[in-house]
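I opened my notebook to get to know this structure one residue and one element at a time. Here is what I looked up, in the order I went.

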Amino acid sequence: PPVPPDKVNDPNDPDVAAALAEAVEAAKGVDAVVVAVGESPYAEGQGDDDSPALPPSQARLVHELKATGKTAEFIQLDVTSESSWEAAVQQTVSALGGFDILVNNAGIELSSLVVDINPDDIRRMMDVNVVGTALGIKHAFRAMRPGGAAGNGGVVINVASVAATIAFPGIAVYSATKSGIDRLTRVAAMEAGKLGYGVRVNCIY
């Protein structure tokens with residue numbers, strides 16, 4: 001199903017989850033982990049220590065993937081946290097027996113005119129959109145490169161936005177973060193090639 005443009009960077013949105021499920025279904029033989037970003041998605045008292053209850057959209061996605069015969073696991077991830085990335089990559093490799101593809105899709109957009117910019121909003125968008133993407137690339141490289149936890153190379157796909165190339169009023173800082181993702185992608189791709197990691201890095205808008 002098509003995803004509304006204003007939701008494209010929210011991987012916890014049901015429409016986005018459904019679109020990602022359809023994309024994975026089209027990729028025959030691909031196993032996947034489903035990630036929720038930000039704070040704990042579990043409501044207090046749900047699930048247990050071994051099998052926590054999933055948010056509805058993630059639960060549906062995991063169920064649909066498993067119904068096709070694929071391996072599907074749920075992993076919680078705070079994209080701004082180094083330790084959270086380390087744990088998520090370790091869980092992915094353990095669950096799937098490897099780590100071949102990372103989609104850096106987490107992002108937030110807080111709108112305001114330049115004259116009304118809130119410094120806290122700037123820091124929040126930078127932390128999720130730029131720091132989160134950079135950490136994702138970092139830990140994907142470490143796992144995918146020769147000698148890494150997976151060690152078979154792979155692909156990193158970073159999600160930017162047309163806002164990185166077109167001046168839309170009211171989203172100056174968001175646009176800056178997406179431009180930053182474009183630059184991160186280009187440098188990361190060059191480094192991966194020069195260092196022989198066997199990892200392709202691409203950016204989509």
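Predicted model: local features only at pLDDT ≥ 70, side-chain atom pairs only at ≥ 80, totals over all residues.

I began with V128 and listed its contacts (heavy atoms within 4.5 Å): leaving out residues up to four places away in sequence, V128 touches V79, T80, A106, G107, I108 and T133. Residues are numbered from 1 along each chain as its sequence is written, and side-chain values use heavy atoms, with hydrogens and water left out.

V128 sits in helix α4; helices (H or I, at least four residues) and strands (E, at least two) are DSSP runs, numbered from the N terminus. I checked how far V128 is from T80: 48 residues in sequence, yet 5.8 Å from C-alpha to C-alpha.

Is V128 buried or exposed? It counts as buried because its relative accessibility is 18%, and buried means under 20% relative accessible area, exposed over 50%, partly exposed in between (1.4 Å probe, protein chains only).

Next I looked for nonpolar cores, meaning sets of buried Ala, Val, Leu, Ile, Met, Phe, Trp, Tyr and Cys residues joined through side-chain atoms within 4.5 Å. The largest has 24 residues, and W85, F99, L102, F141, V156 and V199 have the most contacts inside it. Two or more residues each come from β2 (72-77), α3 (82-96), α4, α5 and β5. Helix α4 gives the most, with seven residues.

Then I turned to helix α5, residues 172-194. It has 23 residues and reaches 33 Å from first C-alpha to last, close to the 33 Å expected at 1.5 Å a residue (the expected span is 1.5 Å times one less than the number of residues). Its buried residues include V173, Y174, I181, T185 and A192. What do the buried residues of α5 pack against? They pack against α4 (119-144), β4 (154-159) and β5 (199-204). Just after α5, I found G196 with a positive phi of about 70 degrees.

My last entry is F168, in the loop between β4 and α5. F168 is partly exposed, with a relative accessible area of 37%.
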